[in-house]
Amino acid sequence: MQIKIAPSILAADFSKMASAVKLIQASGGDMIHCDVMDGSFVEPITFGGQMVKDIRRLTKLPLDCHLMTEHPKTQIKFFAEAGADIITVHYEACNKISVNYLKETLQLIKSYGVKCGAVVNPDVPVENIFEVFPLCDMVLIMTVFPGYGGQKFVPETLEKIKKARAYAIKTGKPDLDIEVDGGVTEENAALIKQAGANVLVAGSAVFRSKDPAKTIAALRR
Ligand code: DX5
Ligand code: ZN
């Protein structure tokens, strides 16, 4: 499977976002991971659709928008119109609204012609999103609790990655993108890929690296 590296701009200097985008491009990143935090689903607030719209003008790289927000359905319009290529939403935020909310949100994303994905936190069984696998272009297994960059990878999530890949194969979607997010390093990337993930988000690993191009190549290898 093709391995894709998605550097997260969460780890960039927000006053120099254009340089961060250039750095990701020049270093061989496959997409740009945009961490959207609302101060409610997670404590910090980062940015919204306007940031994605402005980044869109700077690059042709796919924009992977990870919505860590309550009521994600209300935000889809803004990110779709801003030029997001993929929008992922959290199972936990959707499930507390209604049993159908996740499905409806994924369908809404698709109605804009944008790819969609469901996300589960480290303490939520991946089985909880199996029923939406047929709708998803990607599933995201959080490998840290969302909210902050620079945390340590939660090793128990490796089993969930394996279960997700096995289920995708079993249900006729062997090429489904399985993304992991949080604490990805050059040291644990091999284990993560062996478990079945093929899209690796990397914030600190890329932006704290002395040689981001080398780090991205090492994560992909
Ligand atoms: C965490 C974010 C991650 C974060 C990853 O809430 O969703 O995308 O930026 O950062 P690192 O790679 O530093 O763990
Ligand atoms: Zn993220």
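I began with β4 and β5, which run parallel and are joined by five bridges. Within this pairing I found H90 standing opposite V119 in β5. I note here that I am working with a predicted model, and that every value below is computed from it.

I then followed β5 to its next partner, and found that β5 and β6 pair in the parallel sense over four bridges, with G117 standing opposite M138 in β6. When I checked the cover of β5, I found five of its six residues buried, so that I describe the strand as mostly covered.

**Entry 2, the sheet as a whole.** Which order do the strands take? I read the sheet as open, with eight strands in the order β1-β8-β7-β6-β5-β4-β3-β2 and with parallel pairing. The edges are held by β1 (4-7) and β2 (32-37), and because each has a single partner strand, one side of each is left without a neighbour in the sheet. Neighbouring strands are turned against each other by 25 degrees on average, direction ignored.

I looked next at how β1 is attached, and found four bridges joining it to strand β8 (residues 199-202), the two running parallel. In this pair A6 stands opposite V201 in β8. As a reminder to myself, side chains in a regular strand alternate between the two faces of the sheet. In β1 I found K4 and A6 pointing one way and I5 and P7 the other way, and all of them are buried.

From β8 I picked out L200, which is found in that strand. L200 has 0% relative accessibility and therefore counts as buried. Leaving aside neighbours within four places in sequence, I listed its contacts as K4, I5, A6, V180, V184, A189, I192, K193 and L219.

I placed helix α5 (residues 101-111) across β4 (86-90) and β5 (115-120), where it runs at about 150 degrees to β5. Helix α6 (residues 157-170) lies across β5, β6 (138-142) and β7 (177-181), and its direction is at about 165 degrees to β6.

Which residues coordinate the zinc ion (ligand 2)? I found H33 (NE2), D35 (OD), H66 (ND1) and D181 (OD), at 2.0 to 2.3 Å. Along the chain these donors follow the spacing H-x1-D-x30-H-x114-D. D35 lies in strand β2 and H66 in strand β3 (residues 63-68), so this pair ties together parts that are 31 residues apart in sequence. I also checked their accessibility and found that D35 is buried, and so is H66.

I went on to D38, which has its place in the loop between β2 and α2 (49-56). Buried or exposed, or in between? D38 counts as partly exposed, because its relative accessibility is 25%. A polar atom of the D38 side chain lies 2.8 Å from the backbone nitrogen of S40, and I found a distance of 2.8 Å again between a polar atom of this side chain and the backbone nitrogen of E70. Not counting residues up to four places away in sequence, D38 touches P44, I45, M68, T69 and E70. I also recorded the C-alpha distance from D38 to G48, ten residues apart in sequence, as 8.4 Å.

My last entry concerns F145, found in the loop between β6 and α6. With a relative accessible area of 40%, F145 is partly exposed. Beyond residues up to four places away in sequence, F145 touches P122, D123 and Q151. F145 and A20 are 125 residues apart in sequence, and I noted 24 Å between them in space, C-alpha to C-alpha.

Technical notes: Residues numbered from 1 in each chain as written. Chains lettered and ligands numbered in written order. Predicted model: local features only at pLDDT ≥ 70, side-chain atom pairs only at ≥ 80, totals over all residues. Heavy atoms only, no water. Pairing = 2+ DSSP bridges. Axes fitted to C-alpha atoms, helices over the stretch in contact; angles between N-to-C directions. Contact = heavy atoms within 4.5 Å. Donors = N, O, S within 2.8 Å, 3.2 Å for Na, K, Ca; no water. Buried < 20%, exposed > 50% of the residue type's maximum accessible area, 1.4 Å probe, protein only. Polar contact = N/O pair within 3.5 Å; in protein donor to acceptor, adjacent residues only side chain to side chain.
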